[in-house]
Amino acid sequence: MALFFCRLAAWLWEQLNALVTDWTQVVDAHGAVGRVPLLLDQVEREEAAEAWDELWDRLCLHGETVSAASFAALPRLAALAPACVQALELASAIVRGTLRHPDGEALLAGCPNEVTRLRELVDQRLLTRPADYNRLFGDLLALAGQYHWSASLGDFADDFYAVSCPGCEAEVTIAVGDYGCYAAIRDWDQGDIEQRSLLPAPAEELRDPGRWMHATAGRDGQQRLAEGIRYVFGRAECPACASVFNIAEAHTAASLPPALETY
């Protein structure tokens, strides 16, 4: 029954989109027009594995390349998402690719309600503690607008971040994982040298987005993830000049163009 209503909602979105979207002008990842709405029609009518495979290929090529058609398809994918895992995963992957498209943020701004609903659905799935929790957590970050964290945050088994020291501009490697939690200078012959232990942020002192990231991971029993977040939102000592800096701020500065920098 839930799937029926989701397909009905998707059909209604189809009718609305037909009024506002000229699909003959919307290019997919292959530079083609017109194919995406036909595939959306098909998956809204029935379970169609081949159609989903082609939608992925046209809307999120290799899991990362998005196009104008990707964002135009989001309302219809979001309408299917409550009862269709394929729709939720594809829609989330499209949002993760926002910064890979020159007009991605502007195109995404056209469907704020859909993004909010997708974020709620992903958060609900995280509560079930699925096997692919870390991937879904990355989807949640993207849907919250944290594209740089979505792209770089790992499982903290063996994570490394390259940042620039705000004091002396030295390139510093930040390691968080089984090999240690430290700042170092990376030497390609000797490895990570001049290591300095990181200073994790106390949970009660975290600020958003670190605060809600940590709270979500803790809520779902993901202790390694929660602890890693405390480190990347903590501080590091630069091995070159001994200045202490905020890791999250340095990472954000290294990951986004100046106009998009947000902590």
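**Close-up views of a predicted model**

The count of salt bridges comes to 20, a salt bridge being a side-chain nitrogen of Lys or Arg within 4 Å of a carboxyl oxygen of Asp or Glu. This is a predicted model in which local features need pLDDT of at least 70 and side-chain atom pairs count only at pLDDT 80 or more, while totals for chains, interfaces and linings use all residues. Residues are numbered from 1 along each chain as its sequence is written, and side-chain values use heavy atoms, with hydrogens and water left out.

**View A. The salt bridge between R117 and E120.** The closest N and O atoms of R117 and E120 are 3.3 Å apart. The two residues are three apart in helix α7, about one helical turn; helices (H or I, at least four residues) and strands (E, at least two) are DSSP runs, numbered from the N terminus. An α-helix has 3.6 residues a turn, so residues three or four places apart point the same way. R117 is partly exposed, at 33% relative accessible area, and E120 is partly exposed, at 39%. Buried means under 20% relative accessible area, exposed over 50%, and partly exposed in between (1.4 Å probe, protein chains only).

**View B. The salt bridges of R219 with D123 and D220.** The closest N and O atoms are 3.0 Å apart for R219 and D123. R219 lies in helix α10 and D123 in helix α7, so this pair ties together parts that are 96 residues apart in sequence. For R219 and D220 the closest N and O atoms are 2.8 Å apart. D220 is buried, at 1% relative accessibility, whereas R219 is partly exposed, at 35%.

**View C. The buried residues of helix α10 (residues 210-219).** G210, W212, M213, H214, T216 and A217 are buried. The buried residues of α10 pack against α7 (112-126), α8 (133-143) and α11 (223-232), contact meaning heavy atoms within 4.5 Å. After α10 comes G221, with a positive phi near 75°.

**View D. The open sheet of four strands.** The strands run in the order β1-β2-β3-β4 with antiparallel pairing; two strands pair if DSSP finds at least two bridges between them. β1 (158-164) and β4 (191-197) stand at the edges with a single partner strand each, so one side of each has no neighbour in the sheet. Seven bridges join β1 and β2 (residues 171-177), and F160 has A175 in β2 as its bridge partner.
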